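Open your viewer and get ready to click along. We will go from one selection to the next and look at what is there.

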Amino acid sequence: MNAYMLGAEQQQIQDAVRRFAREKVAARADEIDRSAEYPEDMFELLRGLGWFALPFPEEYGGTGSTLNACIALEELVRVCYNTGYLLAVQWTPFAAILAGGTEAQKKQYLPALASGRLRGAISVTEPQSGSDVAGIKTRAKRVPGGYRIGGSKTWCTGAPVADFILLAAKTGDDDTRGSINLFFIQRGTKGLQIGRKEEKMGARGIPSCPLFLDDVFAAEEDRLGEEAKGFKVVMEAFNLARPIHAARGVGLAQGAIDHAVAYVQSRVAFGQKISDFQGVRWTLADMAMQTEAARQLCYRAAGMVDAGVSGRALAPYAAMAKCFATDTAMKVATDAVQLFGAAGISMEYPINRYMRDAKVLQIVEGTNQIQRNIIGNSILGRRSA
Ligand SMILES: Cc1cc2nc3c(=O)[nH]c(=O)nc-3n(C[C@H](O)[C@H](O)[C@H](O)COP(=O)(O)OP(=O)(O)OC[C@H]3O[C@@H](n4cnc5c(N)ncnc54)[C@H](O)[C@@H]3O)c2cc1C
């Protein structure tokens with residue numbers, strides 16, 4: 001891609017995913033939202049098409065491009081947030097393993113995640129600390145050959161279907177962020193209990209659950225990378241994955257526009273189509289303008305990841321993309337509901353689903369206040385008090 005145009009490869013991906021989304025996914029979207037059941041059929045279709053691999057380096061079977069991943073995700077979320085979420089859930093543990101895994105761990109997990117043979121999840125959040133990652137209390141105590149882990153987690157997305165969970169715990173008695181480590185915990189491990197899924201207003205098709213860890217054993221080689229590097233790895237994984245979450249916002253906003261455009265051209269008030277009212281046209285113009293600005297920030301941050309930019313150089317741009325795109329998704333979806341009038345509130349129409357899903361995006365993967373902190377810190381340095 002040059003700065004302003006998608007290349008041939010990206011256009012091919014966009015065309016293919018757009019067609020698939022319209023033909024195979026769109027008709028399932030409402031049902032997945034209503035039933036709040038995990039869309040196994042969608043997972044199988046995505047696996048068959050090989051699209052889990054998109055952002056993975058070529059050596060692990062992918063295209064090595066976060067931009068490609070963003071373009072695909074955008075098209076899926078445009079019609080179905082939950083189907084797009086299947087890709088995003090797989091891509092956060094991928095980013096963590098890529099950022100901090102040993103060569104052996106990369107070989108073991110990345111091809112399997114890329115092909116969809118294994119499903120991953122990541123669990124950092126705890127009941128008392130979400131934004132404050134350093135405040136987690138789950139402990140991994142050293143024992144011969146590994147660690148024994150005790151504590152509880154919350155909001156682990158994909159936990160009931162995951163083959164493994166990358167789980168954050170503090171080692172030893174040290175309570176600093178430096179003692180945070182990530183551990184591979186396999187499905188069915190003794191002492192791991194997955195609690196009842198949250199009843200959510202959005203992202204309803206993909207379960208998020210609490211986890212309870214009672215003396216769970218993790219071997220030395222189950223620790224992701226070197227000891228005491230976990231906090232840095234979590235932050236870098238979030239950084240690398242933020243363009244992907246921005247793409248979810250862009251796709252959601254575009255989908256809300258699609259529905260609004262169709263509706264305003266069919267609805268009549270005061271003897272004319274509501275699309276002929278200038279107030280409606282300006283609302284749609286603003287929605288399109290904001291979505292396109294979000295898309296450009298998203299592609300820019302994804303392009304930086306693809307160019308190998310990381311750490312502090314990437315952080316503010318990844319945060320700007322995630323924050324702006326997901327705030328835009330919320331605003332555009334809310335405006336779309338407004339254009340539908342009472343129909344926007346009715347469960348008969350899909351547009352309220354976009355508004356409910358957009359709210360989730362402003363909270364997950366670092367709330368948008370946390371994104372603003374990252375951007376502010378990059379401008380002014382960390383606050384002294
Ligand atoms: C659908 C869904 C799926 C999720 N999936 C996962 C998952 O798979 N794995 C996982 O580990 N977690 C997951 N989470 C948890 C998510 O990462 C946290 O909810 C998020 O980080 C916020 O944490 P919190 O909810 O504890 O809010 P808190 O951290 O308690 O924040 C409450 C409010 O205070 C604000 N705030 C906090 N600190 C600051 C600050 N320094 N400056 C300004 N404002 C601040 C926040 O922005 C927020 O508005 C998921 C959450 C949801 C809703």
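**Stop one: a pair of helices**

Helices α7 and α8 cross in a left-handed way. Keep in mind as you look that this is a predicted model. To see the crossing, select residues 278-306 for α7 and residues 311-340 for α8. Their axes come within 9 Å and cross at roughly 155 degrees. Angles over 145 degrees count as roughly antiparallel, so α7 and α8 are roughly antiparallel to each other.

Now show the side chains where the two helices meet. On the α7 side, pick residues including Val280, Met287, Ala294 and Cys298; on the α8 side, the residues include Leu314, Ala321, Phe324 and Leu339. What kinds of residues make up the contact of α7 with α8? They divide into 17 nonpolar, 4 polar and 3 charged.

**Stop two: cysteine 298**

Stay on α7 and select Cys298, one of the α7 residues that meet α8. Beyond its neighbours within four places in sequence, cysteine 298 is in contact with Cys70, Pro243, Ala246, Ala247, Val250, Ala321 and Ala325. The largest nonpolar core has 123 residues, and Ala96, Cys298 and Ala333 touch the most other members.

**Stop three: glycine 116**

Next, go to the loop between α5 (103-115) and β1 (120-123), where you will find glycine 116. Is glycine 116 buried or exposed? It counts as buried, because it has 20 C-beta neighbours inside 10 Å. Leaving out residues up to four places away in sequence, glycine 116 touches Leu46, Arg47 and Phe52.

Methods
Residues are numbered from 1 along each chain as its sequence is written. This is a predicted model: local features need pLDDT of at least 70, side-chain atom pairs count only at pLDDT 80 or more; totals for chains, interfaces and linings use all residues. Axes are lines fitted to C-alpha atoms, for helices over the stretch in contact, and angles run from 0 to 180 degrees between N-to-C directions. Helices (H or I, at least four residues) and strands (E, at least two) are DSSP runs, numbered from the N terminus. Angles under 35 degrees count as roughly parallel, over 145 as roughly antiparallel, 65 to 115 as roughly perpendicular and the rest as oblique. A crossing is left-handed if the near helix is turned anticlockwise from the far one by less than a right angle, and right-handed if clockwise. Two residues are in contact if their C-beta atoms, placed from the backbone, lie within 7 Å. Ala, Val, Leu, Ile, Met, Phe, Trp, Tyr, Cys and Pro count as nonpolar, Asp, Glu, Lys and Arg as charged, and the others, Gly among them, as polar. A residue is buried if 20 or more other C-beta atoms lie within 10 Å of its own, exposed if 12 or fewer, and partly exposed in between; C-beta atoms are placed from the backbone. A nonpolar core is a set of buried Ala, Val, Leu, Ile, Met, Phe, Trp, Tyr and Cys residues joined through C-beta atoms within 7 Å.
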